[in-house]
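The stops below are meant to be selected one after another.

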Amino acid sequence: MGEWKSMMRINIKALRDNFQMPRQAHSSDAGYDVFAIDDGKFINEGGTEFIQYDLGFAAQPVISDDHSNTDRVHHQGFLMIVPRSSISKYDIILCNSPAIIDSEYSGEISLRFKLLKSREDAKLYVAGDRIGQIIPWIAHGAYFKVVDDLFTTARGSGGWGSTGK
């Protein structure tokens with residue numbers, strides 16, 4: 001019972017009859033698989049072709065106050081949307097990845113993919129496929145401060161593959 005208190009609760013509002021609840025493939029997985037409710041719709045913006053899949057639900061992280069028996073939006077909570085590793089078997093790439101669903105957003109969640117081949121030749125997801133993952137996350141407040149120097153570290157300013165192959 002105590003384990004549940006450390007977990008973030010996500011309220012799900014079903015917007016379509018055929019939506020599927022996000023779920024883990026294994027209990028140790030960080031991400032919760034999400035499922036396409038249809039075969040997607042093609043969108044052409046500025047000559048670039050995309051396919052968008054709706055998930056059929058809206059989601060919102062909440063805090064449950066055991067003392068007052070009320071719920072409220074978890075303003076530090078958010079959902080991160082990332083591709084599944086199996087995306088490499090398809091001819092698409094998830095746009096805006098990772099995507100952030102802020103706690104104040106209450107509309108339907110959709111995933112948009114850029115086509116890497118023509119729609120006639122591309123291998124695409126179909127209704128019922130697992131098309132991405134949601135990872136619940138908590139943002140910790142931060143502030144930024146201008147300083148004259150940063151701490152010296154072993155890595156230093158090396159970037160772009162400087163730690164080896």
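Are Tyr53 and Phe113 buried or exposed? Select the two residues: both Tyr53 and Phe113 are buried, where buried means under 20% relative accessible area, exposed over 50% and partly exposed in between, computed with a 1.4 Å probe on protein chains only.

Before going on, note that this is a predicted model, in which local features need pLDDT of at least 70 and side-chain atom pairs count only at pLDDT 80 or more, while totals for chains, interfaces and linings use all residues. Residues are numbered from 1 along each chain as its sequence is written, and side-chain values use heavy atoms, with hydrogens and water left out.

**Stop 1: aromatic rings**

The structure holds 5 aromatic pairs. Rings of Phe, Tyr and Trp (its six-membered ring) pair if their centres lie within 6.5 Å; planes under 30 degrees apart count as stacked, over 60 as edge-to-face and the rest as tilted. Keep Tyr53 and Phe113 selected: their rings form an edge-to-face pair, 5.8 Å centre to centre with 80° between the planes. The pair links distant parts of the chain, with Tyr53 in strand β4 (residues 48-54) and Phe113 in strand β10 (residues 110-115), 60 residues apart. Strands (E, at least two residues) and helices (H or I, at least four) are DSSP runs, numbered from the N terminus.

Next select Tyr90 and Tyr125, a tilted pair at 4.3 Å centre to centre and 40° between the planes. Tyr90 lies in the loop between β7 (77-82) and β8 (92-94), and Tyr125 in the loop between β10 and β11 (130-138), so this pair ties together parts that are 35 residues apart in sequence. Tyr90 and Tyr125 are both buried. Now show the four residues together: ring pairs link Tyr53, Tyr90, Phe113 and Tyr125 into a cluster.

**Stop 2: charges over rings**

The charged end of Lys123 sits over the ring of Tyr90, 5.0 Å from its centre. The rule here asks for NZ of Lys or CZ of Arg within 6 Å of the ring centre and within 35 degrees of the ring normal. Then select Arg112 and Phe50: Arg112 lies over the face of Phe50, at 5.6 Å from the ring centre.

**Stop 3: salt bridges**

How many salt bridges are there? The count comes to 8, taking a salt bridge as a side-chain nitrogen of Lys or Arg within 4 Å of a carboxyl oxygen of Asp or Glu.

Select Arg16 and Asp54, which form a salt bridge with the closest N and O atoms 3.2 Å apart. Arg16 lies in the loop between β1 (9-14) and β2 (32-35) and Asp54 in strand β4, so the pair ties together parts 38 residues apart in sequence. Arg16 is partly exposed, at 32% relative accessible area, whereas Asp54 counts as buried at 5%.

Finish with Arg130 and Asp33, a salt bridge with the closest N and O atoms 3.0 Å apart. This pair links strand β11, which holds Arg130, to strand β2, which holds Asp33, 97 residues apart.
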